[in-house]
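Visitor: I have a model open and would like a quick tour of its side-chain packing. Could you take me through it?

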Amino acid sequence: MVSNMAAVTDAEFESQVLKSEKPVLVDFWAEWCGPCRQVSPILDELSGEHGDKITFLKMNVDENPVTPSSYRVTGIPTINVYQGGEVVKSIVGARPKAAILKELDDFLA
């Protein structure tokens, strides 16, 4: 499955996420995670529709253990929205598109 969302690594996290001018949604996922595979196409779709307002990135927690542990990401999928270097929204677990959109309302307005 090919994603429209760019991957972000531990090394790039600060520059790409924490120092971003606009809000950044980070999807913490892993290859073996079933619910992650359910959420991925939804986020891809949202990225296509709202990528101008919010940056969509994904992070493989198996390949990048540092960032998830520093943000206490214990369950995946976890979707965190960062703004001004802070986590301003956290969605844990697979959700339908409508529920994710509702959570992101403030950023997409």
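Visitor: Which residues form one aromatic cluster?
Guide: A caution before the answer: this is a predicted model. A search of the whole structure finds 3 aromatic pairs. One aromatic cluster is formed by F13, Y71 and Y82.

Visitor: Why does the pair of F13 and Y71 count as tilted?
Guide: The ring centres lie 5.7 Å apart. Planes under 30 degrees apart would be stacked, and over 60 edge-to-face.

Visitor: What is the angle between the planes of F13 and Y82?
Guide: These two rings are 5.3 Å apart, centre to centre. Edge-to-face needs an angle over 60 degrees. The F13 and Y82 pair is edge-to-face, with its planes at 85 degrees.

Visitor: And how many residues apart in sequence are the parts tied together by F13 and Y82?
Guide: F13 belongs to helix α1, and Y82 to strand β4. The pair therefore joins parts whose separation in sequence is 69 residues.

Visitor: Is Y71 buried, partly exposed or exposed?
Guide: Buried means under 20% relative accessible area, exposed over 50%. F13, at 3%, is buried. Y82, at 0%, is buried too. Y71 has 26%, so Y71 is partly exposed.

Visitor: With which side chain does the side chain of N80 make a polar contact?
Guide: N80 lies in strand β4. N80 is buried, at 2% relative accessible area. Leaving aside neighbours within four places in sequence, its contacts include Y71, F28 and V87. The polar contact, at 3.2 Å, is with the side chain of Y82.

Visitor: Where in α2 does the kink lie?
Guide: Helix α2 covers residues 34-50 and reaches 25 Å from its first C-alpha to its last, close to the 24 Å expected. A kink of about 25 degrees comes shortly before the proline P41. Its position is S40.

Visitor: What covers the buried residues of α2?
Guide: The buried residues of α2 include C36, V39, S40, L43 and H50. Their cover includes β2 (24-29), β3 (55-60), β4 and α4 (97-108).

Visitor: Which residue lies over the face of W29?
Guide: A charge over a ring must be within 6 Å of the ring centre. Here the distance is 4.9 Å. The residue over W29 is K58.

Conventions: Residues are numbered from 1 along each chain as its sequence is written. This is a predicted model: local features need pLDDT of at least 70, side-chain atom pairs count only at pLDDT 80 or more; totals for chains, interfaces and linings use all residues. Side-chain values use heavy atoms; hydrogens and water are left out. Rings of Phe, Tyr and Trp (its six-membered ring) pair if their centres lie within 6.5 Å; planes under 30 degrees apart count as stacked, over 60 as edge-to-face and the rest as tilted. Buried means under 20% relative accessible area, exposed over 50%, partly exposed in between (1.4 Å probe, protein chains only). Helices (H or I, at least four residues) and strands (E, at least two) are DSSP runs, numbered from the N terminus. A charge sits over a ring if NZ of Lys or CZ of Arg is within 6 Å of the ring centre and within 35 degrees of the ring normal. The expected span of a helix is 1.5 Å times one less than its number of residues. The bend at a residue is the angle between axes fitted to the seven residues ending there and the seven starting there. Contact means heavy atoms within 4.5 Å. A polar contact is a pair of N or O atoms within 3.5 Å; within protein, one must be able to donate a hydrogen and the other to accept it, and residues adjacent in sequence count only if both atoms are side-chain atoms.
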